[in-house]
Every structure is written in structure tokens, then in C-alpha cells.
Amino acid sequence: GSCQLDSEDVIYIMNALAKNGRSQCILNLLEMMVHDKVSLIGDDFFQDTNINLDLVLPKPSNIHIGMKHYTVAITSCLAENDIETALGVLEMMRSNGLGPSPRTLQEIALAYSRLALDNAALEAKHLRKRMKLKKSSYKKTKSLHQNENRQISMARAQSAFDIVQSLENPDPYLLSTVAKACSSAGLWHESRKMLQKIHEIAVKQEVQTSAGEDLQLFSRLTTASANNALRRLPGLHRNLLKLCASRGNVTAALWFVDDIQSLSSRLHLISDDASSTSEIEETHTEITTLSSYLASNSSLMLSSPSSDDAF
């Protein structure tokens with residue numbers, strides 16, 4: 001073709017590569033773009049993709065690979081759970097003097113969390129299989145499957161947690177996802193820290209709502225996410241406590257209940273409007289139900305086969 005590549009064409013190509021299962025090629029493409037070697041790319045580079053070769057074969061006209069391209073490359077890889085290539089692009093960014101944006105870091109943390117949850121689900125699947133089969137027949141496969149998935153889950157969840165700790169104002173949805181990932185991986189301390197961060201956002205939200213529009217305590221937060229922070233809490237609380245029960249971790253469960261009770265008390269002191277009172281009463285009901293559940297099932301939790309995760 002006679003046309004030359006432009007910046008949007010490069011973004012299109014990277015997205016297409018990822019969607020066609022060729023995300024590992026994105027790093028090579030960026031390296032060739034940075035070093036002006038795109039003319040060396042052969043037809044086989046785009047084999048088994050839907051990319052129009054008439055679009056990609058012409059030489060580019062001095063396209064500057066910047067933050068936008070790196071961010072799209074990373075998020076495209078993460079959407080396909082290709083962590084290795086995403087980290088390669090991240091390292092390439094840094095070597096070219098560009099640091100990742102907060103949005104890019106949040107996308108990486110979300111991807112790590114989702115992978116941790118996936119591996120934790122596999123671990124739980126193998127555990128259920130273990131309970132159904134005789135120990136003698138399952139013993140040989142336990143270490144290979146269950147422990148491997150647990151280690152991967154822990155590593156991914158820890159990476160997500162570390163990234164979130166470096167962010168100034170992480171999104172409440174991200175905090176919630178990382179909290180669940182950490183609990184699923186048995187990282188109870190880290191999960192509790194994520195929950196406490198969400199509680200702080202919920203409290204600030206109530207303070208701002210009660211004080212009116214003149215008080216802007218957390219204007220840097222995404223408005224939609226901040227508005228949803230309190231509404232999402234009941235479901236998150238139930239999820240975390242169910243994970244405690246499945247792991248047989250009474251200590252972590254009681255920690256979470258203590259944090260929920262503390263949040264409820266703080267919200268009562270802040271707000272007196274009807275809508276917020278409704279949210280608070282739901283939290284109180286939730287605490288009563290969960291506390292009764294823990295009390296009635298404490299002996300079962302203590303005797304759980306996964307009690308090795310307890311503090």
C-alpha cells in the first residue's frame with residue numbers, strides 16, 4: 001500500500017495482536033518501532049490474525065512511541081492475562097525514561113488480582129476433589145496441584161497488594177478486588193489493610209455528604225467509584241468472611257468483624273440523614289448475622305483441614 005502508519009494504526013495493531021492470541025508479539029513490535037526497524041517485519045509476524053497487511057507493511061513515518069502506546073500495550077496484554085509480556089513492556093517504558101501512569105499500575109494490579117483469584121479457585125477445586133477421593137489415592141497429586149496453585153495465587157496477590165500500596169488514591173473497586181484476592185491466597189494481613197482503606201473512603205464519603213458540597217475531602221478520587229464505595233461494602237464483607245470460613249481462619253474472621261463494627265460506629269457518629277441510616281442499619285444487621293454465624297461455626301472452622309492458614 002502507499003499509506004504510512006500513524007499512531008492510531010499502531011494502537012489498532014497492538015489490540016488486534018492481543019485479541020488474536022499474539023500478545024507476545026507486541027513487545028517485539030514496540031522494539032522495532034522504537035528502533036525504526038518496522039520494515040524488517042515479515043508477513044509471518046501477523047500470521048493467524050485479522051490484521052490487514054496492506055495497513056502494516058508500509059514503513060512508518062517517524063512515529064513517536066509514547067505513554068499512550070505503552071499503556072495500550074500493557075492493558076491489551078493484561079486483558080489476555082499475558083503478565084510476562086506486560087511486564088516486559090513496563091520494563092521497556094522505564095528503560096526509555098517513562099514511568100507508568102497510575103491508571104496503568106491499577107490495570108496491572110487488577111490483572112494480578114484476577115489471576116490470583118483464578119488460581120485460588122483451582123486450588124479450591126482440587127481441595128474438593130481431595131475430600132471426595134481416598135487420601136491414599138489423592139496424596140500423590142496434592143502437592144503437584146494444590147500447593148502449586150496456592151503458591152501462584154499468593155505471588156500474584158502479593159504483587160497486586162504491593163502495587164496498590166504505591167498508589168496515592170487507589171480506586172475502591174481495585175481495593176475490593178485485591179482484598180478478595182489476598183484472602184483467597186491466605187494473605188490475611190494484606191487483605192485487612194485493603195478493607196481498612198475502603199472503610200476510610202466510605203467514612204470520608206459520609207463526611208462529605210453530611211457536610212455538603214463545600215467540603216471536598218477526597219476530590220482526587222473518581223466520583224463514580226467513591227459513590228459506590230459504601231454500597232459495595234456489604235457484599236465484600238460477606239465474601240471475605242466466607243473465605244475465612246472456608247479456610248478455617250477464626251482469627252482473620254474476627255478481625256474483619258471488628259473492622260466492620262468499627263466502621264458502623266463511625267458512620268453512626270457522622271450521619272443522621274435517612275439514606276445513610278439505611279446503609280448503616282444494613283451494616284448492623286450484617287454484623288449480627290455474621291457474628292452469630294461465626295459463633296455457631298467456630299468449632300467447625302477450628303477443625304477445618306485448611307486451618308494451617310490461621311495465625
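This is a predicted model: local features need pLDDT of at least 70, side-chain atom pairs count only at pLDDT 80 or more; totals for chains, interfaces and linings use all residues.

**A helix and its packing partner**

Reply: Just after helix α5, Gly-97 adopts a positive phi of about 80°.

Helix α5 comprises residues 83-95. Its 13 residues reach 18 Å from the first C-alpha to the last, close to the 18 Å expected at 1.5 Å a residue. Within α5, the buried residues are Ile-83, Thr-85, Ala-86, Val-89, Leu-90, Met-92 and Met-93.

The partner is helix α4, residues 67-79. Two packed helices are described by the angle between their axes and the distance between the axes. For α4 and α5 the angle is about 165°, and the axes lie 8 Å apart. Angles over 145 degrees count as roughly antiparallel, and α4 and α5 are therefore roughly antiparallel to each other. Their crossing is left-handed.

The contact itself can be stated residue by residue. From α4, Met-67, Tyr-70, Ala-73, Ile-74, Cys-77 and Leu-78 take part. They meet Ile-83, Thr-85, Ala-86, Val-89, Leu-90, Met-92 and Met-93 of α5, and these residues of α5 are buried. By class, the contact of α4 with α5 has 12 nonpolar residues, 1 polar residue and no charged residues.

Definitions and conventions. Residues are numbered from 1 along each chain as its sequence is written. Side-chain values use heavy atoms; hydrogens and water are left out. Axes are lines fitted to C-alpha atoms, for helices over the stretch in contact, and angles run from 0 to 180 degrees between N-to-C directions. Helices (H or I, at least four residues) and strands (E, at least two) are DSSP runs, numbered from the N terminus. Angles under 35 degrees count as roughly parallel, over 145 as roughly antiparallel, 65 to 115 as roughly perpendicular and the rest as oblique. A crossing is left-handed if the near helix is turned anticlockwise from the far one by less than a right angle, and right-handed if clockwise. Contact means heavy atoms within 4.5 Å. Ala, Val, Leu, Ile, Met, Phe, Trp, Tyr, Cys and Pro count as nonpolar, Asp, Glu, Lys and Arg as charged, and the others, Gly among them, as polar. The expected span of a helix is 1.5 Å times one less than its number of residues. Buried means under 20% relative accessible area, exposed over 50%, partly exposed in between (1.4 Å probe, protein chains only).
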